[in-house]
Amino acid sequence: MAEISLERAQESIVNRQQELKAFDETKSGVKGLVDSDLTGVDDDPNLRREIVKKVGEACEKWGFFQVINHGIPLATTDEMINGVRRFHEQDDEAKKEIYSRDYSKKVYYNSNIDLYKAKATNWRDTLSCVMAPRHPLPQELPAVCRDIMIEYSSKMMQLGQTLLELMSEALGLNWSYLEDIGCGEGMFVKGHYYPPCPEPDLTLGTSSHTDNGFCTVVLQDEIGGLQILHQNQWLDINPVRGALVVNLGDMMQASSP
């Protein structure tokens with residue numbers, strides 16, 4: 001029995017190495033495995049079925065997928081990144097006006113939401129805004145990124161509805177199921193900022209974690225640094241201008257019929 005177990009373990013290791021080698025030789029990275037192009041998803045039934053299949057497979061095997069050609073213009077995604085940067089790089093006095101650890105507020109800025117609970121402090125500041133279901137008054141948003149925050153959030157809500165439809169269908173449910181049970185009602189926008197660190201070996205921008213929301217959509221800047229954990233290995237998600245990374249974690253595995 002011991003010999004059989006050892007042989008199976010060795011076979012598993014060999015298969016694993018073969019899979020990694022095949023993946024590496026594609027030279028397409030993780031992006032090549034999970035990209036979903038949403039162009040025409042509402043107009044072409046055959047294309048929609050293909051995208052639904054890709055979304056379902058990506059969620060089951062990876063827990064995330066990357067979306068391109070999603071309908072949000074590059075000008076909007078670029079300005080969203082620039083708006084967040086403008087906020088964080090303005091004078092400290094301007095930012096102090098909304099610095100808070102009162103998480104009942106709709107708009108606040110602070111460093112490390114778990115500062116007093118986490119074992120290690122991340123090198124990161126965050127602007128947080130609750131944009132749905134009850135959005136803040138425009139004057140509550142920082143002036144340097146107010147307009148783009150409103151525009152980006154509106155377009156993201158529209159994209160969110162499309163994503164929920166695709167995920168509903170991937171689960172074998174009616175296209176409106178996830179929307180009908182309220183999964184698309186809320187939206188929490190976070191603008192993270194990672195300034196240069198004088199001792200980068202001593203900290204991380206963001207430590208390993210599991211997102212606690214139903215669905216997280218990430219817009220990266222050109223610097224990158226985003227990683228996902230797949231089969232106990234950390235994989236880089238190289239930034240693609242305007243692309244959005246959708247993180248579902250274990251939602252599809254737990255919910256599949």
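Reply: P133 sits in the loop between β4 (125-132) and α6. Helices (H or I, at least four residues) and strands (E, at least two) are DSSP runs, numbered from the N terminus. This is a predicted model, in which local features need pLDDT of at least 70 and side-chain atom pairs count only at pLDDT 80 or more, while totals for chains, interfaces and linings use all residues. Residues are numbered from 1 along each chain as its sequence is written, and side-chain values use heavy atoms, with hydrogens and water left out.

Most peptide bonds are trans, and most residues other than glycine have a negative phi.

N69, in the loop between β2 (64-68) and α4 (74-89), has a positive phi near 50°. N232, in the loop between β7 (227-230) and β8 (233-236), has a positive phi of about 65° and is not a glycine either. N69 is partly exposed, with a relative accessible area of 46%, and N232 is exposed at 73%. Buried means under 20% relative accessible area, exposed over 50%, and partly exposed in between, using a 1.4 Å probe and protein chains only.

S153 lies in α6 (residues 146-170) and is buried, with a relative accessible area of 5%. A polar atom of the S153 side chain lies 2.7 Å from the backbone oxygen of M149. Leaving aside neighbours within four places in sequence, S153 is in contact (heavy atoms within 4.5 Å) with M131, M187 and V189.

R48, I51, V52, V55, G56, A58 and C59 are buried in α3. Seen down the axis of α3, these buried residues fall within an arc of 165°, so they line one face of the helix. The arc is that of the directions from the helix axis to the C-beta atoms. An α-helix has 3.6 residues a turn, so residues three or four places apart point the same way. The face of α3 turned away from the buried side carries the exposed residues N46, R49, K53 and K61. Just after α3, G63 takes a positive phi of about 85°.

Strand β2 comes next in this tour. Four of the five residues of β2 are buried, so this strand is largely enclosed by the rest of the structure. Four bridges join β2 to β9 (residues 244-247), and the two run antiparallel; strands pair if DSSP finds at least two bridges between them. F64 stands opposite N247 in β9.

Stepping back, the chain has eight helices and nine strands, and 33% of its 257 residues count as buried. Among contacts between residues at least 6 apart in sequence, 68% join residues at least 24 apart.

Methods: A polar contact is a pair of N or O atoms within 3.5 Å; within protein, one must be able to donate a hydrogen and the other to accept it, and residues adjacent in sequence count only if both atoms are side-chain atoms.
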